[in-house]
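Please keep the sequence and the model in view while reading.

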Amino acid sequence: MNVNGAIVMKNLIKDESISLYKWIWKSYIRTALIPLLIVELIFICIYFGSNIWSHKKTVIFFKGQVQDQLEQIANQEASGIDDQLSSITNSTMFFSIQMGRALSTQASLTPIDYDRLTYSKEGAYYTKKDSEDGGASIFYSGIVPIKEDEQEKVARALTQQNLMADIKNTQPLAASIYLNTFDSFNMIYPYFDVISKYPPLSDIPSNNFYYEADAAHNPERKVKWTDVYLDQSGDGLITSALCPVYNDGFLEGVVGINMTINTIANQILTMHIPWHGYALLIGKNGNILVLPNSNKTDWNLDKINDNIYDGNTLKDNFNSDQFNLYKNKDLNFLTNKITNDTSGFSNFMLKNQSRVLSWSTISNTGWKLLLVVPEQDIYSKVDILIDNIIKIGIFMTSGLILSYIIIFLVISKKTKKISSAFSNSLLKINSLVQRISDGNYNQEEPTFKIEELKNISVQLIQMGKRLGKTNKNLLITQYELEKKETDLKALVNSINDIILEVDSKGYITNFWSKSHHDLYELYMRGNFSSIDDILDKDTCNRAREKILYVLQTKETVTIEFSIESNSDLKWFEACISSRLNYETKVVVSARDITEQKKLASSIISAKEEAEKANKAKSEFLSSMSHELRTPLNAILGFSQVLELDPESPLTYSQQQSVEEILKAGNHLLELINEVLDLSKIESGKVSISIECVEIKPVMEETFAIIKPFADKHNIKIITYPIEDSNEFVSSDRTRLKQILLNLLSNAIKYNKQNGQVIFYHDRIDDKYRFHVIDTGIGISDFDLDFIFKPFHRLNELNNSIEGTGIGLTVSKQLVELMSGEIYVESQKDIGSHFCVEFPSTDLCILQANEDVILDENPNYFFENRLYKVLYVEDNPANLRLVERILKQINNIEIFSATSGELCIDLAVSHKPDLILLDINLPGMDGHEVFKRLQMHEETHNIPIVAISAHAMPQDIEKAFSLGFADYITKPINVVSFSEKISNILVNNELKDTD
Ligand code: ADP
């Protein structure tokens, strides 16, 4: 799926579902139209942007061009006007020089001029008429007395009439040429009627036409231009070029040329200014000297209806502020620029219209020539260009929109077509899927135009077929599963355990109990959710530890706990196992063991009771035996006395009676002894010393003991010679002999006339077996179950055979105490086979110990001193070992005894330095022997070391509390044994010497 597909899918999921038409439509828009539109928009933006940019650049360039061009025009025009004014300036200068010379040169009036001159009544001297050729007008103010000198001055001045006429004729700008003298003499060309214009007493030097050029105002004596003023005689705006006339340093007067600015005005008004611009001329003080009438509105002169330069209009307005550009407050910034710079270019707003202005200064007069052009006219062509570009852009955009609308319509139509083709196919597929989902798994292939959809349908049909098969199998499996589930439910329902699912934190995540519905109800109501809620703190801690252990090891552990439920205490035994597929959970299966607990406690108390009773029984038997033994001793003793008394021999019947008494008494004594033995075993008081017992001597001794008894009964005992003397069993030597004697005596007792007894041993694996086989009366299968029960004597024959019915019971219990087994096989009237089995023991320890070579004569013994050591032991193997160890020490002499009684005799007679005493002796045991030795004066100081197979702490403790010097446990460690013996001997010696 591509990215767009993914987006669409995402939207499908988010907006649930959309129609195929919308989906395809959206895809078109997203993948084709929008990117296309974006590209087109970018191009349009680039188009407009680049055009605006180039337009701006063009405007900047054009502005530069316009500035150059306007400045050029202004400068050219200004310099043209300036040239014309310079010509006037030069002429004025020339005229001044000529006039100076003329005034200093004697002259007299020509008759024509003389004829033209006359006096007014106020005394002014003047020309009353022009000459025929055209002459100058003369006016000499009446404030000066006109005498000959003055007349001659007039004559001298008049010599320059022709020059004045020449200047006037050659200078088109010159309106008139004149001379004013310090004494108010005025000559002016061309002629006019001066007396009618001038007041007869005029003070000419007070006039600006004079003083602007006098020494105070013109020390450089150059040509000076007056401000433009309105000519009173109607010549319009006039200005004068003035130049002083000095005569030998004396300012005689001022000559001047009047100039109307009409000619210059016409030049300016007829100038061609591009871009509909116009020119205007302003004077030094800012008065507008020349302005096209059509542009008067720009300068707020529109109130003047007529031509602004009409004589009367000018008269009224020329000196007003509105005619002065520098006094227009809105153009202050412009005024500064224009007055400060001789030429320049600027933009400014006039009548809300942006204008450009270029100006240049006419240096002779200080006038400014201004060219004003509306800005929009300058850029009108550029604007037309940009307008066209924008129009093209709009046209392109419109075309684009139109093409998009067409594309939209076409795509919409296509989309509808494609979507309907798709949706029809999909509907077919849908109905196919529907039929399959309805269970009609075998479907015919519908026709499709689109290959992929056709493939899908083929796949679907195949899938449907497979689904059919799978469904069939599924149904079968489901059926089997349901069956199994029912079985499982039945199985689970029959479980009385509580099953919990617990997580590592102790939270109960699942609880199930059929038997404890009350607990289940509490759980469902939310009364407990954690093991903390149902267990006490200690149990809880234990349970947590176990849960963690199970989680770590995956092993199953058990725990017992109790819950207070409905006011009674319930005990549970829980099995904690790891939960399959969950790393942090365990399954606890808790079983109600309250009843078992109760039973167990009742059993324990019953057992305690039984034990108590048994103990009481044993104690009773023990005390009874003791009590019975005393009178029995008397009976037996006195019976023997009666039997053997030579002084009063018994009669035959008496003899018979005494024999019966003796027989009954002996039987009773035997019975008492065996009962005592049994009670000792049952009360756990019997002392068993398991050690390494050599088989050969045991069997030989037993045979020797029983032989007379067999002979008495005419029974032959068959034995086999025992060659191997290295056979050892793990057993108590005395008790082993006791058991074998019991079996042999039974085999003899319950035999037939001249019967036989076979007595032998063999080895099976790591066990030795002692066999006693007889050819006697045998035991029935039924009776075999009872022969080991106490006081069970079987057949009638028993009445004639002496016995107690305890022997086998005692034997069996002794065998089991020594970790052995007893077996019996018997056939009635054929014979019995009794067998006892004990673990064999390797002699390796003994041999190893025997092989140890001790250091010869440990040097702590006193030299030449022989220590006597008495060793009391009934087991020859042990005896041999200890003898062999001690014989390695030169200073020790060892002698031995096999019973307690012999030990006492030997100790009393030989006074040994040390007695080694086996605790487990036949007859009198080691403790008893110790007590007796303590009672004898000869022996009570002899150190006695206990040697025993009993290694229990209480045994050792008991020995030390009695006063034994040391306690050595079997098997003997040769080295430490030797050291201990040596130490005791030496220490005792040292004590004695002290
Ligand atoms: P008892 O003192 O009677 O011999 P035991 O405990 O030794 O007591 O034997 C129990 C009984 O088992 C005997 O009374 C006897 O009936 C039967 N019994 C024991 N040994 C044999 C044997 N070898 N043959 C037949 N019966 C035997």
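Is Asn-714 buried, partly exposed or exposed? The model is predicted, so to speak of local features a pLDDT of at least 70 is needed and side-chain atom pairs count only at pLDDT 80 or more, whereas totals for chains, interfaces and linings use all residues. Residues are numbered from 1 along each chain as its sequence is written, and side-chain values use heavy atoms, with hydrogens and water left out.

Asn-714 is partly exposed because its relative accessible area is 49%, where buried means under 20%, exposed over 50% and partly exposed in between (1.4 Å probe, protein chains only). Asn-714 lies in the loop between helix H19 (695–712) and strand E21 (716–719); helices (H or I, at least four residues) and strands (E, at least two) are DSSP runs, numbered from the N terminus. With neighbours within four places in sequence set aside, Asn-714 is in contact with Asn-754 and Gly-755, contact meaning heavy atoms within 4.5 Å. From Asn-714 to Leu-879 there are 165 residues in sequence and 36 Å in space, C-alpha to C-alpha.

**Nonpolar cores**

A nonpolar core is a set of buried Ala, Val, Leu, Ile, Met, Phe, Trp, Tyr and Cys residues joined through side-chain atoms within 4.5 Å. The largest such core has 87 residues, and those with the most contacts inside it are Met-187, Leu-280, Trp-299 and Trp-367. Helix H2 (residues 20–103) gives the most to this core, with eleven residues. Another core, of 42 residues, lies apart from it and has Ile-681, Phe-759, Ile-787 and Phe-838 among its members. Beyond its neighbours within four places in sequence, Trp-299 has contacts that include Tyr-278, Leu-280, Phe-348 and Val-372.

**Cavity and pocket**

On a 1 Å grid over the protein atoms alone, a cavity is a set of points where a 1.4 Å probe fits but cannot get out, while a pocket is an open set with protein on both sides within 12 Å along at least five of seven lines; lining residues have an atom within 4 Å of a point. Grid points are joined across faces, edges and corners, and a volume is the space filled by probe spheres set on the points. By this rule there is one cavity of 30 Å³ or more. In the division of linings, Ala, Val, Leu, Ile, Met, Phe, Trp, Tyr, Cys and Pro count as nonpolar, Asp, Glu, Lys and Arg as charged, and the others, Gly among them, as polar.

| Site | Volume | Lining residues | Division of lining |
|---|---|---|---|
| Largest cavity | about 200 Å³ | 18 residues | 18 nonpolar, no polar, no charged |
| Second largest pocket | about 1000 Å³ | 33 residues | 17 nonpolar, ten polar, six charged |

Leu-500, Ile-534, Leu-535, Phe-561 and Val-588 lie nearest the centre of the largest cavity. For the second largest pocket, the residues closest to the centre are Tyr-198, Phe-209, Tyr-229, Asp-231 and Gln-232, and strand E4 (174–181) gives the most to the lining, with four residues.

**Aromatic pairs**

The structure holds 16 aromatic pairs, counted where rings of Phe, Tyr and Trp (its six-membered ring) have centres within 6.5 Å; planes under 30 degrees apart count as stacked, over 60 as edge-to-face and the rest as tilted. Phe-209 and Tyr-229 form an edge-to-face pair because their planes stand at 70°, with ring centres 5.1 Å apart. Phe-209 is in helix H7 (residues 208–211) and Tyr-229 in strand E7 (residues 229–231), so that this pair links distant parts of the chain, 20 residues apart. Phe-209 is buried, with a relative accessible area of 18%. Tyr-523 and Phe-528, both buried, form a tilted pair, at 5.6 Å centre to centre and 50° between the planes. One aromatic cluster is formed by Phe-139, Phe-192 and Tyr-198.
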